[in-house]
Amino acid sequence: MALRRSFNALGVVCLCVVALSIAVSGRPATFLEDFRVTWADNHVRQLDGGRGIQLVLDQNSGCGFASKRQYLFGKVSMKIKLVPGDSAGTVTAFYMNSDTDTIRDELDFEFLGNRSGQPYTVQTNIYAHGKGDREQRVNLWFDPSADFHTYSISWSHSLIIFAVDDIPIRVYKNNEAKGIPYPKQQPMGVYSTLWEADDWATRGGLEKIDWKKAPFYAYYKDFDIEGCPVPGPANCPSNPNNWWEGPAYRTLNPAQAKNYQWVRANHMIYDYCTDKSRYPQTPKECTADNL
């Protein structure tokens, strides 16, 4: 059977909060029951009896955490309120990773900080069988630091969809029949980090982080995982009755396709597929049907 982990906010907290409650067993959960701190535990502070956490980026360190379990297919989502104001040089990341070296699979959201008044950029990337460098960048059409918005990764045997408030911004179809790698063999954990990357994050590294504005905070809530846990029931990942494997999820529906084309036409600012300086020969997946 598939596992659902659902984490919902229990109140307003003035700092970066991931609020937790477990829907499967009905028992109350604390952060450490389902997650582990992966980096700078003194920058990850439990709140509300362990039902929430605070992430901090300052001149000493960023921080991060990961799910204790890995998953093979399903859907992961969280609501995030990004670093406000002058966030140049900061990166808030939400991603899935197989935690392997040479044959890494990874699905990335990276939110690239900006100077005040400039659009926030989200970069997505896909690693399949160890090959990445598939970056696309979209300028968000709203201020993601003013309120919470939902960011999700849907992953099935057929399709990967990155979505913002249920609007697809990136689609990667399983085209293994055309010799194109697709991540489907390795389970992945769920990760989030807040860190400094001013050598590349904002305008290619031209805009540096202003440490006088530190500390920086990002805010999370309503974290949700539905997927096949590994280790777990061996037949779960291949079960065609999992909802994310249903016919309705094997391609974009007409409304999704329309929204996807709108994003690409009006808000995409970079696509590796059209970067001839990096790829004189267009990568095969760029010419495949990704709708």
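This short talk covers the nonpolar cores and the disulfides of one predicted model.

Some ground rules. Residues are numbered from 1 along each chain as its sequence is written, and side-chain values use heavy atoms, without hydrogens and water. Because the model is predicted, local features need pLDDT of at least 70 and side-chain atom pairs count only at pLDDT 80 or more, while totals for chains, interfaces and linings use all residues.

I start with the cores. A nonpolar core here is a set of buried Ala, Val, Leu, Ile, Met, Phe, Trp, Tyr and Cys residues joined through side-chain atoms within 4.5 Å. Buried means under 20% relative accessible area, exposed over 50%, and partly exposed in between, with a 1.4 Å probe and protein chains only. The largest core has 54 residues, and Phe94, Leu107, Phe109, Tyr151 and Trp155 have the most contacts inside it. Its largest share, six residues, comes from strand 6, residues 70–81. Strands (E, at least two residues) and helices (H or I, at least four) are DSSP runs, numbered from the N terminus. Another core, of six residues, lies apart from it and includes Ile161 and Leu252.

Now the disulfides. A disulfide is counted when two cysteine sulfur atoms lie within 2.5 Å, and the count is two.

One joins Cys228 to Cys236, S to S 2.0 Å. Both of these cysteines, Cys228 and Cys236, are buried.

The other joins Cys273 to Cys286, also listed at S to S 2.0 Å. Cys273 lies in the loop between strand 16 (268–271) and helix 3 (284–287), and Cys286 in helix 3, so the pair ties together parts 13 residues apart in sequence. Cys273 is buried at 13% relative accessibility, whereas Cys286 is partly exposed at 22%.
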